Amino acid sequence: MDSVKAAIREIGRQRPLLTLNLEVLRVTDLSFGFRRLTLRGREIDEYLDPLVADGFKVMIPPFDALDRKLEAPERDEQGLPIWQEHVEPRLRALTVRSLDRARQLMAVDVCTHSDGLLNRWLSVIAPGDNVSLSGMRVEWFLPAEIERLVLIADEAGVAALAAIVESLPVDLMTTATQILVPESTREYVEGIQAEVPKSAVTYLPNLTGSTANLITTGGCRTQVWIAAETAAVRSLRSTAKYEWNVDPRDLLARAYWHRTLNASAVDARDLERHRKALDEGADIHDPQLAEDLSLKD
Ligand SMILES: Cc1cc2nc3c(=O)[nH]c(=O)nc-3n(C[C@H](O)[C@H](O)[C@H](O)COP(=O)(O)OP(=O)(O)OC[C@H]3O[C@@H](n4cnc5c(N)ncnc54)[C@H](O)[C@@H]3O)c2cc1C
């Protein structure tokens with residue numbers, strides 16, 4: 001029996017670190033609260049193993065840098081990224097929303113919360129600018145034996161959720177999938193290019209309220225996928241485990257951002273936690289490790 005976590009660990013082990021140097025084609029306003037960055041470039045041909053909702057880090061250079069092309073990171077002996085000679089660029093995690101290999105295009109959807117580096121960067125970049133990104137982190141896998149799905153995301157995770165929904169077999173989507181998202185994402189979610197029954201989606205004022213009674217698994221093997229703010233993910237993970245009785249191996253709980261820290265501070269904190277865990281013999285590819293470290297108080 002393949003669990004989502006076992007599969008993700010195995011795929012992660014085999015995936016090489018990929019760096020792509022692409023260029024901005026356009027930045028467009030999408031539905032309320034979201035902008036789409038469209039990238040293009042020959043190096044998309046090197047992205048040989050795309051998976052649904054792959055996560056990557058975009059390397060944001062100083063805004064006044066003339067050449068926005070950055071050196072690729074390498075892996076140190078523990079498997080952690082390091083940059084040669086350079087001051088480390090500021091990194092932000094994003095999702096491959098869609099990929100058009102034939103036209104060498106990649107779309108990325110960014111939520112426009114007010115005070116982030118990412119949106120300031122989106123405001124200054126122009127068509128033709130270089131964009132370097134590095135990845136890819138496996139964010140999704142669907143074992144064949146899964147009977148029910150629960151997908152939960154906030155504004156930061158909903159681009160990945162959209163990519164996942166568009167990849168699902170029609171039967172599973174229309175009869176066995178439940179989606180919980182905040183009301184603020186309604187317009188974006190309604191734009192998903194898949195047959196999503198209205199009854200499958202519950203719009204909530206926010207994800208931190210009570211969700212225990214919203215899901216019934218009926219004893220079926222259920223996979224739960226969560227991508228949202230850290231505290232919400234922590235609480236939803238425990239609801240999934242203890243109220244919905246989901247096997248933790250079929251549960252993927254991803255902290256996509258932190259309410260009181262910017263992403264650079266989160267990365268610095270997690271890097272320290274990873275170094276310590278790896279020194280103690282942990283497996284860097286184990287999604288349970290990343291989950292536990294990022295959700296620790
Ligand atoms: C694997 C992965 C994939 C991701 N994919 C996407 C994606 O496709 N699209 C996307 O928009 N985000 C995505 N995120 C989330 C994104 O990386 C974070 O939200 C990141 O902090 C945004 O950086 P920033 O420069 O905007 O804000 P930061 O500089 O990191 O933070 C500045 C302030 O804004 C707050 N903040 C950060 N993110 C949010 C938010 N989403 N809403 C409200 N306040 C926020 C922080 O608490 C901080 O106070 C992903 C995260 C991960 C881990």
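Domain bounds in this predicted model come from an automatic or database domain assignment. On that basis the protein chain holds domain 1 (4-137) and domain 2 (148-259 + 288-295). Taken over C-alpha atoms, the centres of domain 1 and domain 2 are 24 Å apart. The contact between the two domains draws 16 residues from domain 1 and 17 residues from domain 2.

The side of domain 1 that touches domain 2 was examined by element and by class. Two elements, α1 (4-14) and β8 (105-111), each contribute at least two residues to this side. The most comes from α1, which gives 3 residues. Sorted by class, the side of domain 1 that touches domain 2 comprises 8 nonpolar, 5 polar and 3 charged residues.

The ligand site was examined next. Both domain 1 (4-137) and domain 2 (148-259 + 288-295) give residues to the shell around the ligand, so the ligand lies between them. There are 27 residues around the ligand. Those that come nearest are Gly55, Ala93, Thr95, Gly116 and Ala263. Two or more residues of the shell are supplied by each of β6 (90-95), β8, α2 (117-124), α3 (158-167) and β14 (251-257). The class count for the shell is 13 nonpolar, 7 polar and 7 charged residues.

Helix packing was described for one pair. Two packed helices are described by the angle between their axes and the distance between the axes. Helix α7 (residues 263-279) packs on helix α8 (residues 287-295) at an angle of about 130°, and their axes are 10 Å apart. The angle makes α7 oblique to α8. The crossing of α7 past α8 is right-handed. On the α7 side, the contact is made by Asp270, Arg273, His274 and Ala277. On the α8 side, Leu289, Leu293 and Ser294 take part. By class, the residues of this contact are 3 nonpolar, 2 polar and 2 charged.

Two backbone features complete the description. Glycine 135 and methionine 136 are joined by a cis peptide bond, with omega at about 0°. Methionine 136 belongs to strand β9 (residues 130-137). Glutamine 104 is not a glycine, yet its phi is positive, at about 55°. Glutamine 104 sits in the loop between β7 (98-100) and β8.

Conventions:
Residues are numbered from 1 along each chain as its sequence is written. This is a predicted model: local features need pLDDT of at least 70, side-chain atom pairs count only at pLDDT 80 or more; totals for chains, interfaces and linings use all residues. Axes are lines fitted to C-alpha atoms, for helices over the stretch in contact, and angles run from 0 to 180 degrees between N-to-C directions. Helices (H or I, at least four residues) and strands (E, at least two) are DSSP runs, numbered from the N terminus. Angles under 35 degrees count as roughly parallel, over 145 as roughly antiparallel, 65 to 115 as roughly perpendicular and the rest as oblique. A crossing is left-handed if the near helix is turned anticlockwise from the far one by less than a right angle, and right-handed if clockwise. Two residues are in contact if their C-beta atoms, placed from the backbone, lie within 7 Å. Ala, Val, Leu, Ile, Met, Phe, Trp, Tyr, Cys and Pro count as nonpolar, Asp, Glu, Lys and Arg as charged, and the others, Gly among them, as polar. A residue is near a molecule or strand if its C-beta atom, placed from the backbone, lies within 6 Å of it.
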